[in-house]
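Here is the note you asked for, written as numbered points to be read alongside the model. Please keep the structure open and look up each residue as it comes up.

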Amino acid sequence: MYSFSASITYYYYSPPALISCLSSLSSSSNDYINIINNKKPNKPIRLIHPSRFLVPFFSTSNLPSILGNGKVKHTSKMSAVLTEDDVQETDTGKDLENMAILQTDPDLESFKDHFKYRMKKYTDQKELFEKHEGGLAEFSKGYLKFGFNRQEGSIVYREWAPAALEAQLVGDFNGWDGSNHKMEKDQFGVWSIKIPDSGGSPAIPHNSKVKFRFKHGKGWVDRIPAWIKYATQDATRFAASYDGVYWDPPLTERYEFKYPRPPKPKAPRIYEAHVGMSCSEPRVSSYREFADEVLPRIKENNYNTVQLMAIMEHSYYASFGYHVTNFFAVSSRSGTPEDLKYLIDKAHSLGLRVLMDVVHSHASNNVDDGLNGFDIGQSSQESYFHSGDRGYHKLWDSKLFNYANWEVLRFLLSNLRWWLEEYKFDGFRFDGVTSMLYHHHGINMAFTGNYNQYFSEATDVDAVVYMMLAIYLIHDILPDATVIAEDVSGMPGLCRPVSEGGIGYDYRLAMGIPDKWIDYLKNKKDEEWSMKEISSSLTNRRYTEKCISYAESHDQSIVGDKTFAHYLMDKEMYSGMSCLTDASPVIARGIALHKMIHFITMALGGEGYLNFMGNEFGHPEWIDFPREGNGWSYEKCRRQWNLVDTDHLRYKFMNAFDRAMNKLDEKFSFLTSTKQIVSSADDKDKVIVFERGDLVFVFNFHPAKTYGGYKVGCDLPGKYKVALDSDAWEFGGPGRVSHDTEHFTSPEGIPGVAETNFNNRPNSFKVLSPPRTCVVYYRVDENEEENNESTVTNTAALNDLMKKGDIDKAEDNDGLLSEVRKDNLKAGEMLTS
């Protein structure tokens, strides 16, 4: 837990003070303004809208007209009108005063008012959903109302476009002439049309193109429906815009899920993957190819979760899927919605859970085929996005959502339910959370851990409340869902439950870890590596908030950077990876450190682990999507599986070790253990010793020194043996550590007096530690060992009879066969447990 503390001044305001302040506001005013009043009223005024509560700060982005009696009425005729009298007051004061998050981290007490404010907004928003929409659950089923739906022998299409003056539905079905398919607008800005079936068949054929045509001040424009479920591009035209596609396959063509969701793992071991670049050939791969060819590799390497990138439709392939154009549509480059369902069902059949990389932090700036096409200069209340500078991310060249808007909340919350229920995803990794959390989006910010950076006018409370609603909804739909935040700021409470006052994520990505490794690989000689700094960086995370650690994800491999394997071995990867010749010093060092970096990151860096596709076997080079700058080449936008599949190449060693370290967690569940103790980080020896669970890890980063009889501390007394050894032959090492050696502990100092112990550990044992190796030791269970010895003895006796040809005698020896069966049963039970 961070040890920083700070204080914040919290002001209330009365209507006169508010009105006098508003008169001086301009369009360039900050979003949140402190309004200081010398006298605190009995209660703060509340500016109320179905989608916005403003206490104690006022937002100029939703500027209402202030009435003399302190009630408010929104200037937009399409916005719902509520006054202070319309909302029931609820007695949540006691809960707000005693939020559990403040007990977990007492330093947050100084910011209690901030937590009370955002929690009040959250609970009030849920109450409004209950009052006006039948609750959050019903509100999040927007796709049953908006977009295209079948209803009473007709197709009903609805679109929220309050700024449109006229609207039509056009497509292949009417020859793109909408004169006979004009739409009607209700008081909330929702356009609709009902098209009866023709001749017993839907008037709009399945898999035919459609668009929403509407008129505004500058004429008519065609846009892809916002809730479209599939969109395609004309492959014969270069850089062609996408078209919306009406997707409603007949029952015989719909994919039916066959397998249940796998149970939630104790700790996620995540394989991050991009379907499009997952084949060996320089082209776009398909969902079905990934399912049949890549998923078995993931399973074989003992991962339990797949995280899929670039699933939501995005017109620009090189955006890595992060400039989303159509939020309810699967990326058509890799196949159809039914193909994606096949992939997810295949993963479930293998016991793999599937997470989706969801992008709700921003949207593509595209007008012709993106959500931005509905933005025609109207106010923020009539748009999916904020207006002006607040609605534009200058580094990403993308649009920013207005999370206070009622219809935006409906759109985004329904989007989450859609992917969970229609496609059976098992959770999400939320992209760009730092950008959502703050009005500055993290741009040019160096987060130091000072709590004032997290709880101030810079915090986008609307976005925070949206995330609280979203994660509550996800876990309500699927209690075992896994939800991960990509946040670099370290926001306190991000991964604490909403019920405690947190934002609710299950895990955050430990994004500082790869940055530290890159710094070492780029800028430090091996002799300069600091064991204390490495161990500190890996363990620097908030108490009670879980992290997913990773050495390198897709971010570390994109053009302009390189994979860790390429950093370590560079050009020698092209000529020195054959097992038919001795490894050069560069290759030997590279493979050794590749294994060590990834393993210590997994073992010490968090409560879950992530690896990007191909990095498990040291994929060379970098990722570069086809673009004008590379001649639209797919050469660097693929995975060279042939490298790991070729038996005489050394890539197989890194892959085998990746498989083994995942298997180690599967067997010992060390990632879920809260027992994590670094007993030694010796910069002179270049050795890190730590315990995770009851395993003892010894990492020797020294480039040359072998330590014989190296003393390591541990908690429990007994006998220890090797559980995993990066130096073993099967992992490309010379096999210097004996796996048969038994290491017996010796007591250290006075029991219970840590300062008298060895490195504050009550016991120790001695090991052989070769340079650039990591070895894990497990404590031998005496009962288990006795059972194993019994199994070996009985089986050996039976085999001896068989070898001597005494087959009849062996078959007649029911007692011996019975003992072997019992021993095997016991062994199976222990393995299961």
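1. E338 and K341 lie three residues apart in helix α7 (residues 337–349), which means that about one helical turn separates them; helices here are DSSP runs of H or I with at least four residues, strands are runs of E with at least two, and both are numbered from the N terminus. An α-helix has 3.6 residues a turn, so residues three or four places apart point the same way. E338 and K341 form a salt bridge, with their closest N and O atoms 3.7 Å apart, the term being used when a side-chain nitrogen of Lys or Arg is within 4 Å of a carboxyl oxygen of Asp or Glu. Both E338 and K341 are buried, where buried means under 20% relative accessible area, exposed over 50% and partly exposed in between, for a 1.4 Å probe and protein chains only.

2. Please bear in mind that this is a predicted model, in which local features need pLDDT of at least 70 and side-chain atom pairs count only at pLDDT 80 or more, whereas totals for chains, interfaces and linings use all residues. Residues are numbered from 1 along each chain as its sequence is written, and side-chain values use heavy atoms, with hydrogens and water left out.

3. By the salt-bridge rule, the count comes to 53. Among them is the one between D431 and R429, at 3.1 Å from N to O; D431 counts as buried at 7% relative accessibility, and R429 counts as buried at 2%. Another joins E545 to R542 at 2.9 Å, N to O, with E545 buried at a relative accessible area of 3% and R542 buried at 7% relative accessibility. R542 and E545 also belong to a network of salt bridges that links them with D105, D487 and R508.

4. Which residues of helix α11 are buried? They are I513, P514, W517, I518, Y520 and L521, and because they cover an arc of only 160° around the axis, they are on the same side of α11; the arc is that of the directions from the helix axis to the C-beta atoms. What covers these buried residues includes α12 (531–539), β27 (547–549), α13 (564–569) and α14 (585–605).

5. The largest nonpolar core has 194 residues, and those with the most contacts inside it are F290, W419, F430, Y466, Y505 and F599; such a core is a set of buried Ala, Val, Leu, Ile, Met, Phe, Trp, Tyr and Cys residues joined through side-chain atoms within 4.5 Å. Helix α10 (residues 461–477) gives the most to this core, with twelve residues. A second, separate core of 15 residues includes V687, V689, V696 and Y707.

6. The structure holds 61 aromatic pairs, a pair being rings of Phe, Tyr or Trp (its six-membered ring) whose centres lie within 6.5 Å, with planes under 30 degrees apart counted as stacked, over 60 as edge-to-face and the rest as tilted. The rings of F129 and F139 have centres 4.1 Å apart and planes at 25°, so this pair is stacked. F129 is buried at a relative accessible area of 0%, and F139 counts as buried at 1% relative accessibility. The rings of F212 and F374 are also stacked, because their centres are 5.9 Å apart and their planes are at 15°. This pair links distant parts of the chain, 162 residues apart, with F212 in strand β12 (residues 208–216) and F374 in the loop between β21 (363–364) and β22 (392–393); both F212 and F374 are buried.

Note on methods: Contact = heavy atoms within 4.5 Å.
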